[in-house]
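Here is a friendly walk through one protein model, from backbone details to charged pairs and a pocket. Keep the structure open as you read.

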Amino acid sequence: FQEIRKRYDFFTICRTPNIACEVTMQPLRRFDLDASIIFSDILVIPQALGLSVEMRPNVGPVLPEPLQTPEDLKRLAPKGAVDRVAYVGEAITMMRRLLDGKVPLIGFTGAPWTLMGYMIEGGGSKTMSKTKSWLLCYPEDSEKLLAMLTSVIVDYLEMQVKAGAQMLQIFESSAEHLTKGDFLKWCLPYLKDIHDQLTLRLKEQSVPLVPMTLFAKGAAHSLTEQSTLGYDVISLDWTVDPVKARQEVGPNITLQGNFDPQDMYKTPEEIRALATDMVLKFGKTRYIANLGHGITPQTPIVSVEVFIDAVHKAF
C-alpha cells in the first residue's frame, strides 16, 4: 500500500475502482484472513456533499473550508450525493468478481456524529470542542445536519448492498468525545434510523438484507442501549472487557474485537498469548476476532501473521 501511495494521491486510490481493488486484495494475498473490507474512506461523504477533503502527509485528513456557522449548511448539496460516490459501488462489484466467493466483502461508512465532527473541526480533533459547541449553541441546526447525513448514509449503504457488499460496518469513531447522555441524544437516534431505514428500504425492494455492524469507539457506557438498535454485530474497542460486554448485550448479538493495536508491537510470543486469551474470554460463538481499532502503519508483518494464526488455532 505504501508503494502505491507513492504513485497516487489517497483519494485518487479511493475514486479509481481498479486501484482500490488492488489495495483491498493486498492483505488477502499476504495473510490468511476470513473476510475483506473494501478500500475507501469515511470522508468520501463530506466530499460528496461538496466539501473539499485533502489527505496531507504526516497530518491526515484536512478539510480546508469547514462548517463554521449554520449558514454554512447552505454550502452542502445532499441531492445527488450518492451518485458522486458511485465509484465505491463500482469497486465493490469489481471486488466481488475478483474474490469469486473466497471470502465475504464488507462495505462501510462513517456515522453521522463522526462525520459532523470532521466537517466542523476541519480534520481530526482531540477535543471536538467546535463540534460540541454546535450542539450547545445551534441544537436545531445540529439536528438538521445529523439528519441530512443520516439520509445520505442510508442512500450510500443501499448502493453498497446493491453493488454486492455482503456486510456493512458503521463507524461512530468519535463517540468517545461524548458523555453517555450526549451519546444517547446525539448518536443513538441516528444510528437507529440508519439501521431501520435501510432495512425497510431493502425489504420494500426485495433486496436481501446483509448483517450490519456498529462500532461506537469509546461508548462502552452504552452497550446495553446499543444492543437495542437492531444491529447484528457490536464492535468493541480495546478498553472493553469481553465478559462484561457479553453480559450487557446478551447472547443473541455477535461481538467483534478487541485486540489493542499497540499490542501488535509486542513479541510474537506475547501476541500469541494475548490473542489466545482474547478468544477464550469472548468465547467461540457469536464472535468475530479483530483489533479494537485500525492497525497502525508501522505494525510488523510478522505480528499480523502471528495474530491471525493464534486466532485460528484458538478457534
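Helices (H or I, at least four residues) and strands (E, at least two) are DSSP runs here, numbered from the N terminus. What you see is a predicted model, in which local features need pLDDT of at least 70 and side-chain atom pairs count only at pLDDT 80 or more, while totals for chains, interfaces and linings use all residues. Residues are numbered from 1 along each chain as its sequence is written, and side-chain values use heavy atoms, with hydrogens and water left out.

Let us begin with the backbone. Most residues other than glycine have a negative phi, and most peptide bonds are trans. Met128, in the loop between helix H6 (112–121) and H7, has a positive phi of about 55° although it is not a glycine. Met128 counts as buried at 3% relative accessibility; buried means under 20% relative accessible area, exposed over 50%, and partly exposed in between (1.4 Å probe, protein chains only). Asn58 also has a positive phi, near 65°, and sits in the loop between strand E2 (54–56) and strand E3 (60–62). With a relative accessible area of 87%, Asn58 is exposed.

Helix H7 covers residues 129–137, and Ser129 lies in it. Ser129 is partly exposed, at 40% relative accessible area.

In an unreviewed entry, UniProt lists residues 106–122 for "domain: Uroporphyrinogen decarboxylase (URO-D)"; UniProt positions are given in the numbering used here, feature names are shortened, and annotations may be inferred rather than shown by experiment. In the model, this span of residues 106–122 is 59% helix and 29% strand, and its end C-alpha atoms lie 28 Å apart.

Now for the charges. Side chains of opposite charge can pair when their charged atoms come close. How many salt bridges does the structure hold? There are 16, each being a side-chain nitrogen of Lys or Arg within 4 Å of a carboxyl oxygen of Asp or Glu. One of them joins Glu3 and Lys6, with the closest N and O atoms 3.0 Å apart. Both lie in helix H1 (residues 2–7), three residues apart, about one turn of the helix. Glu3 is exposed at 53%, and Lys6 is exposed at 63%. In helix H12 (residues 242–249), Lys244 and Glu248 are four residues apart, again about one turn, and their salt bridge has its closest N and O atoms at 2.6 Å. Asp155, Glu158, Lys162 and Arg201 are linked in a network of salt bridges.

Asp263 counts as buried at 15%, and Lys266 as partly exposed at 36%. Asp263 is among the residues lining the second largest pocket, as are Trp238, Asn258 and Lys281. A pocket is an open set of points on a 1 Å grid over the protein atoms alone, where a 1.4 Å probe fits, with protein on both sides within 12 Å along at least five of seven lines; lining residues have an atom within 4 Å of a point. H13 gives the largest share of this lining, four residues. Asn258 lies in strand E8, and a cis peptide bond, with omega about -15°, joins Gly257 to Asn258.
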